[in-house]
Amino acid sequence: MNESRRPGRARLVLKCIQRCIKIIRGTLSPDDLEDDLELSPMCHRPEGLEILQEQTKFNRKELQILYRGFKNECPNGIVNEDSFKEIYSQFFPQGDASTYAHHLFNAFDVDQDGSVSFEDFVTGLSVLLRGSVTDKLRWAFNLYDINKDGYVTKEEMLDIMKSIYDMMGKYTYPAVNHDAPREHVDKFFEKMDKNKDGVVTIDEFIDACKEDQSILRSMQLFEGL
């Protein structure tokens, strides 16, 4: 693709994602989105809508709309990490979202093949927007478990937290100090690591988040879209 067209394409993808989420939340008519979409060739074909309907909390009409939007801006049916970072950065122009987008991309990329397919995208979106609290926390644990070994270390949690602060930018209000990410992690890790073995399991993570509303609020994802 011509590099000069990439910023414009990123804005189109951003608009599509925002509109799809509004449809799911019931704040935009599906017809409004369909009027904006055009059919385009597809190299990667998603699983049958019936299967995705069983695997997600979206109905057939919502899946059709999401699919049309996804393939319209991703004609080959997949999103690579560079494109994902470019798209996600549009949400946070005041900061550097690249590191957090990297971690988020890896959480969506379930099979770790370096790309996010429509199936990956819609499955993750279903959890984030319509999953139970436990489902969302399991997804968040996977985000924090950077090396995917089934445990979250303080270093992994700090990497994610630093990337969140970088993404929000230096000019947040109220202003945060340089040590804020580490202080945040120290506080959370102390509550999560119940047996003090230096790692947090998924059960410890879920239990701590459910018991502490401040942690639970901090784990909210996609609330700003």
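At what angle do helix α8 (residues 133-144) and helix α11 (residues 202-211) pack? In this predicted model, the angle between α8 and α11 is about 125°, and their axes lie 10 Å apart. The secondary structure of the chain comprises twelve helices and four strands, and buried residues account for 44% of its 225 residues. The points below take up the helix packing, the nonpolar core and the aromatic rings in turn.

**Two packed helices**

- Two packed helices are described by the angle between their axes together with the distance between those axes.

**The nonpolar core**

- In soluble globular proteins, nonpolar side chains tend to be buried together.
- The largest nonpolar core in this model has 51 residues, and those with the most contacts inside it are Tyr 88, Leu 104, Met 157, Met 192 and Phe 205.
- Helix α7 (residues 118-130) gives the most to this core, supplying seven residues.
- Of the contacts between residues at least 6 apart in sequence, 64% join residues that are at least 24 apart.

**Aromatic rings**

- A pair of aromatic rings is described by the distance of the centres and the angle of the planes.
- The chain has twelve aromatic pairs, and one of them joins Phe 70 and Phe 118, whose ring centres are 5.6 Å apart and whose planes stand at 65°, so this pair is edge-to-face.
- Phe 70 belongs to helix α4 (residues 60-73) and Phe 118 to helix α7, so that the pair links distant parts of the chain, 48 residues apart; both Phe 70 and Phe 118 are buried.
- The rings of Phe 84 and Phe 108 have centres 6.1 Å apart and planes at 55°, so this pair counts as tilted.
- Because Phe 84 lies in helix α5 (residues 81-89) and Phe 108 in helix α6 (residues 98-108), their pairing ties together parts that are 24 residues apart in sequence.
- Phe 84 counts as buried at 14% relative accessibility, and Phe 108 counts as buried at 2%, because the cut-off for buried is under 20%.
- Ring pairs also link a cluster whose members include Tyr 67, Phe 70, Phe 84, Tyr 88, Phe 108, Phe 118 and Trp 139.

Key: Residues numbered from 1 in each chain as written. Predicted model: local features only at pLDDT ≥ 70, side-chain atom pairs only at ≥ 80, totals over all residues. Heavy atoms only, no water. Core = buried A, V, L, I, M, F, W, Y, C linked by side-chain atoms within 4.5 Å. Buried < 20%, exposed > 50% of the residue type's maximum accessible area, 1.4 Å probe, protein only. Helix = DSSP H or I, 4+ residues; strand = E, 2+ residues; numbered from the N terminus. Phe/Tyr/Trp six-rings, centres within 6.5 Å; stacked < 30°, edge-to-face > 60°. Axes fitted to C-alpha atoms, helices over the stretch in contact; angles between N-to-C directions. Contact = heavy atoms within 4.5 Å.
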